[in-house]
Amino acid sequence: MYPETIDAIGITDVKQWTKPSRFSYTPQEFRDYDVDIEIEACGICGSDIHTVKCNWGDIYTPMAVGHEIVGKVVKIGPKAKAGLKLGDRVGVGAQCDACGTCARCCKHYENNCLNAVDTYYSAYPSGIKTQGGDASHIRVNSKFAFKIPDNISSEHAAPLMCGGITGVSPLFQNNVGKGSKVGVQGIGGIGHMTVLYAKAMGAEVTAISRSRSKEADSKKLAVDHYIATAEKGWEEKYKDTLDLIVITASSFSEGEFDKVLTLLTARGKIVFITAPPITESLKITPFSMLRSGYSVGGSVIGSPDDIDFLLEFTSKNNIKPWVETFDISEEGLGKAWEYVDSGKPRYRVTMVGYDKAFKK
Ligand SMILES: [Zn+2]
Ligand SMILES: [Zn+2]
């Protein structure tokens, strides 16, 4: 029922990132707590594009990316996570393993584990390099496979596994609820999900974007206020109005930071969740933080507990990210990457059609 080798589509030549091709690989030895998953859908994350374009450095080849994976459990180890069984539909995000023994893991902050293993562009302690979800199957530590409620379709579940949890985790961590005032800077693949969930939690939501180009979509997402930072006078009009600002834009122009800070109420917090180019940095003037008691922080994906909670919350509130689908094939995946790279999707892309592509 499960393969000895896994078929994948990914980068075999770094000079041609829009032309992925087929390859197969042998996964690392099956451990007692692992699961094998037959993949049926996988979302495209901004990280996939950064990786295949080598924006974050050289990559090993061949490499399959994709870390918004949905599929069925086809093999399960005797010490797998309680509650998982053969045939379950599960999701896997950007993390496929953690040490499980460090102080961070013991606190259930597994996403902050210094020995965390990423689903692709990473290596297990054994040295075996990881391969992502643009493939027939994947083998992961069962702690990082999450059962998906029946009323969430696979194409909608996929983007929750990385983009969704990344954009929503700061809302959980900061106890956003009825009456909270949340700003979302960057209305895109992740930001549109941050807005959907903040609204579902009962918050008053302000979209912060450079121009008016996302205003119509933001209204459809039911934002309460819209700020276009390219226009004059916004900082005066909206100062002291937001408890939490989640920065989801992939690049942050330094000049605006001090102005955006003044949107916060006393003891307000700004959280960064996306990884800009490595060369980008922020200049903070401590003086501007003191009287208002502001904090600046970061957040990466989410812990297993947060991912389970996200899926339960999505199911109960019937939340659907905006998703477009592409059939997976060498050509289809290359086209989908180019499309995501163009910034045109509204707002996430999920690859489907795995049964045809991998002839199961
Ligand atoms: Zn991602
Ligand atoms: Zn750990």
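The model is predicted, so local features need pLDDT of at least 70 and side-chain atom pairs count only at pLDDT 80 or more, while totals for chains, interfaces and linings use all residues. Residues are numbered from 1 along each chain as its sequence is written, chains are lettered from A and ligands numbered from 1 in the order in which they are written, and side-chain values use heavy atoms, with hydrogens and water left out.

Start with the sheet. Six strands, in the order β12-β11-β10-β13-β14-β15, make up an open sheet with parallel pairing. Strands (E, at least two residues) and helices (H or I, at least four) are DSSP runs, numbered from the N terminus, and two strands pair if DSSP finds at least two bridges between them. At the edges lie β12 (225–228) and β15 (295–298), each of which pairs on one side only. From one strand to the next, the twist averages 20°. Strand β11 (residues 204–209) runs parallel to β12 and is joined to it by four bridges. Thr206, for instance, has His225 in β12 as its bridge partner.

Helix α4 (residues 163–173) touches β10 (181–185), β13 (242–247) and β14 (264–272), and its direction makes about 155° with that of β13. Helix α5 (residues 191–200) touches β10, β11 and β13, at about 170° to the direction of β10. Here contact means heavy atoms within 4.5 Å; axes are lines fitted to C-alpha atoms, for helices over the stretch in contact, and angles run from 0 to 180 degrees between N-to-C directions.

How many residues of α4 are buried? Ten of its eleven are, where buried means under 20% relative accessible area, exposed over 50%, and partly exposed in between (1.4 Å probe, protein chains only). Among them are Ile165, Val168, Leu171 and Phe172. Their cover includes β10, α5, β13, β14, α10 (304–317) and β17 (348–352). Just after α4, Asn175 has a positive phi of about 50°.

The zinc ion (ligand 1) has three protein donors to look at: Cys45 (SG), His67 (NE2) and Cys162 (SG), lying 2.0 to 2.2 Å from it. Donors are N, O and S atoms within 2.8 Å of the metal (3.2 Å for Na, K and Ca); water is not among the atoms, so sites may look incomplete. Along the chain the donors follow the spacing C-x21-H-x94-C. Cys45 sits in the loop between β3 (34–44) and α1 (46–52), and His67 in the loop between α1 and β4 (69–76), 22 residues apart. Cys45 is buried, at 4% relative accessible area, and His67 also counts as buried, at 7%.
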